[in-house]
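Please open the structure in your viewer and keep the selection tool at hand.

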Amino acid sequence: MTLAHNPLATPAQREIEAQALRMFESAAMQAVIARLRPLFLADPRAQTMSGRATLEQNLHEIAFSAATCAASMDPARPRVAWTINLPHRWFGLDVPGSRHGVDNPDNIYRVAAIDEASSYELQGRVPPEPAPDVSFTIFSAYPGNGEDSHSLNVITLDEIDVGPDGRFVLSIDPRPADGRRNHLQVRPGAKLLFVRDSMHDWSRESPLALEIVRLAGPDAAPAGDDELIRRAVEIAERAVPYWIASMPKWFGQRAHNVIPQAGATNFAYAKQANVGAQWRLADDEALVITVDRMGAAYLGCQIADPWGAAPDYVEHSASLNAAQAQPNADGTYTFVIAKRDPQVHNWIDTAGLDEGTLLIRWQGVAPGALVPERSVRHAGVVKHAELAGVLDEGTRSLTPGDRSRQIEARRAAYARRLAHA
């Protein structure tokens, strides 16, 4: 197994992104982007300030995600691909973003194509400081390709036997484990291995190094460029209406700024929970949310625009997790979502947006530790002038200089994901 210094900066990653970029820039893909634009424009969110401001970004990033899906989803020749991320430049490529679905800035999302008839081996190495929660999930569809994706099986890193050098091998095939510890059984309908490293400290924690090998399975000829472009166009035509419809379906059940209690997610294990909501704020308002960590290995709060794409979370503190945020004296965490800097450490910056969506995620929750009525201790909108009266007595204040240093540290920490020297 050959490993890059940065486990994301692999030859396979460059090949996939270069191929996706060629497809994205093709006349056929640019034509489908033009055909799909009216679907966004016809949606009521296109009439709002924040919806208008982020419409083109969402259209193009969903289209690039479709190209990435077409480039990487060959189960006969699987490759591990990093996706659902910000625009970036590396290896001489200007790579568009691929954000959607209230993506989590703390997550390294990686995918590899599989099928229900083949046998695979995932070779991995755990870094000295891994993310606090790492999961390997078999899904029925690529996230973001416009199909409902169902979890078919899952294993977490803490359930895998890892050697003293940090290396492990995970078998992935249709057969039951039959005593094999490091095994994921592939069930009917499987199309994707989805790996998620959920990091707290971007400056120290690293994703796993991963490679996938197909051991056996039916023969299939590789698709040519014309076929891949056709597939990318087909995926985009399906994905754009899917994501336009998904945000109201997922988040539109409650009024803005109403934060429910946590509920277990629909993953195949009960180690995680989340809270989803819509927010809308005036320039002088802040949405204050206090949550109980409930012993979760990973805790994070992230916002997105009205269509579901995260703002630029490098230049803005548009997300905070348990390592980045300051806890209250009782161990709870209070997040302050606001358009204007409230001069407190735990500011989630809306990056100029006045409305959008949010997710609070608890992962690696011990059995029995999830108590929904404890999850969200307080949530409400207050004026900036009233913040002192609702925040913990020990809340840390930040000057403009402090804020600049906070963002500079965030920028430097994120740069580790793109290092490839």
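This is a predicted model: local features need pLDDT of at least 70, side-chain atom pairs count only at pLDDT 80 or more; totals for chains, interfaces and linings use all residues.

Begin by selecting helix 1, residues 11-24, together with helix 3, and look at how their axes come within 8 Å and cross at roughly 125°. Because of that angle, helix 1 counts as oblique to helix 3, and the crossing of the two is right-handed. Now show the side chains where they touch: in helix 1 these include I16, L21 and F24, while among their partners in helix 3 are H60, F64 and T68. Sorted by class, the contact of helix 1 with helix 3 has 10 nonpolar, 4 polar and 1 charged residues.

On the helix 3 side you can pick out L59, I62 and C69, among others, and on the helix 4 side R231, I235 and W243 are among the residues they meet. The contact of helix 3 with helix 4 has 13 nonpolar, no polar and 1 charged residues.

Finally, select C69, which counts as buried because its relative accessibility is 5%, under the 20% cut-off. Then move to C301, which is buried as well, at 0% relative accessibility. How many disulfides does a search of the whole structure find? The search finds 0.

Methods
Residues are numbered from 1 along each chain as its sequence is written. Side-chain values use heavy atoms; hydrogens and water are left out. A disulfide is a pair of cysteine sulfur atoms within 2.5 Å. Buried means under 20% relative accessible area, exposed over 50%, partly exposed in between (1.4 Å probe, protein chains only). Contact means heavy atoms within 4.5 Å. Helices (H or I, at least four residues) and strands (E, at least two) are DSSP runs, numbered from the N terminus. Ala, Val, Leu, Ile, Met, Phe, Trp, Tyr, Cys and Pro count as nonpolar, Asp, Glu, Lys and Arg as charged, and the others, Gly among them, as polar. Axes are lines fitted to C-alpha atoms, for helices over the stretch in contact, and angles run from 0 to 180 degrees between N-to-C directions. Angles under 35 degrees count as roughly parallel, over 145 as roughly antiparallel, 65 to 115 as roughly perpendicular and the rest as oblique. A crossing is left-handed if the near helix is turned anticlockwise from the far one by less than a right angle, and right-handed if clockwise.
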